Amino acid sequence: MTTETSTIIEQTERWVQQLIVKYNICPFARREVERKRVRYVVAEQPDMASVLQQLLFEAKHLDETADTETTLFMIPQGFEGFHGFLELVDMADSLLIEEGYEGIYQLAHFHPDYCFDGEPQDDPANYTNRSPFPTLHLLREASLEKAIEQHDDPESIPERNIEFCRRKGAEFFVKILNG
């Protein structure tokens, strides 16, 4: 593993610990982080075809590795622009369906410039999906459904996160993202 790859993984792990887990942005994350069942992978090549191939490899890795619950796949180069990243997300979703993974894996996504449709770029609520690097998150759908069933009020999670982000303000999240 190169120093650059190690740094990208460390920054992402820190973001997961200091924001996602610590502030319960995703109430299902803590358990898997504590059990060390989250796989962190950095894209080897920055082009669309290579990224999609590596994502498919990660789906196959999850197929074969029950000890890995989820994969965070960071793409530090090639998708710095948010709109180009959204094109990648669309292609990745289509690929997973085409390869028979619909209902097996779900794709979440995060980006340093994430912006919810129709919201201003500077709305702190966007930080619920902002990460240190463009990231595709491959989740086991059955595990996610089970976790949602065990949560008292899963529908309230997004609204609670939006309120939290707006209350804390953008500067709070910038500090976390910048380490």
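**Notebook: salt bridges and helix contacts**

I started at Lys 175, which is exposed at 58% relative accessible area (exposed means over 50%, buried under 20%, partly exposed in between, with a 1.4 Å probe and protein chains only). Before going on, I noted that this is a predicted model, where local features need pLDDT of at least 70, side-chain atom pairs count only at pLDDT 80 or more, and totals for chains, interfaces and linings use all residues. Residues are numbered from 1 along each chain as its sequence is written, and side-chain values use heavy atoms, with hydrogens and water left out.

**Salt bridges**

Which side chain does Lys 175 meet in a salt bridge? I found Glu 171, at 4.0 Å, N to O. For a salt bridge I take a side-chain nitrogen of Lys or Arg within 4 Å of a carboxyl oxygen of Asp or Glu. Glu 171 is exposed too, at 59%. My helices are DSSP runs of H or I with at least four residues, my strands are runs of E with at least two, and both are numbered from the N terminus.

I got 8 salt bridges for the structure. Side chains of opposite charge can pair when their charged atoms come close.

Next I looked up Glu 119, whose side chain meets that of Arg 166 in a salt bridge at 3.7 Å, N to O. This pair links distant parts of the chain, 47 residues apart: Glu 119 lies in the loop between strand S3 (105-110) and strand S4 (135-140), and Arg 166 in helix H6 (157-168). Glu 119 is partly exposed at 35%, and Arg 166 is partly exposed at 43%.

Then I checked Arg 31 and Glu 32, whose side chains form a salt bridge at 3.8 Å, N to O. Are these two buried or exposed? Glu 32 is buried at 13%, while Arg 31 is partly exposed at 46%. Both belong to a salt-bridge network that also takes in Arg 37 and Glu 69.

**Helix packing**

I moved on to helix H3 (48-64) and helix H4 (82-98), which pack at about 45° with their axes 10 Å apart. Axes are lines fitted to C-alpha atoms, for helices over the stretch in contact, and angles run from 0 to 180 degrees between N-to-C directions. H3 and H4 are therefore oblique to each other (under 35 degrees is roughly parallel, over 145 roughly antiparallel, 65 to 115 roughly perpendicular, the rest oblique). On the H3 side I listed Met 48, Val 51, Leu 52, Leu 55, Leu 56 and Ala 59, which meet residues of H4 including Glu 87, Leu 88 and Met 91. Contact here means heavy atoms within 4.5 Å.

How do H6 and H7 lie relative to each other? Their axes come within 6 Å and cross at roughly 95°, so the two helices are roughly perpendicular. Phe 164, Cys 165 and Lys 168 of H6 make the contact with Ala 170, Phe 172 and Phe 173 of H7.

**Ile 176**

Last, I looked at Ile 176, also in helix H7. Ile 176 is buried at 13% relative accessible area. Leaving out residues up to four places away in sequence, Ile 176 touches Gln 18, Leu 19 and Tyr 23. I also noted 9.8 Å between the C-alpha atoms of Ile 176 and Gln 11, which are 165 residues apart along the chain.
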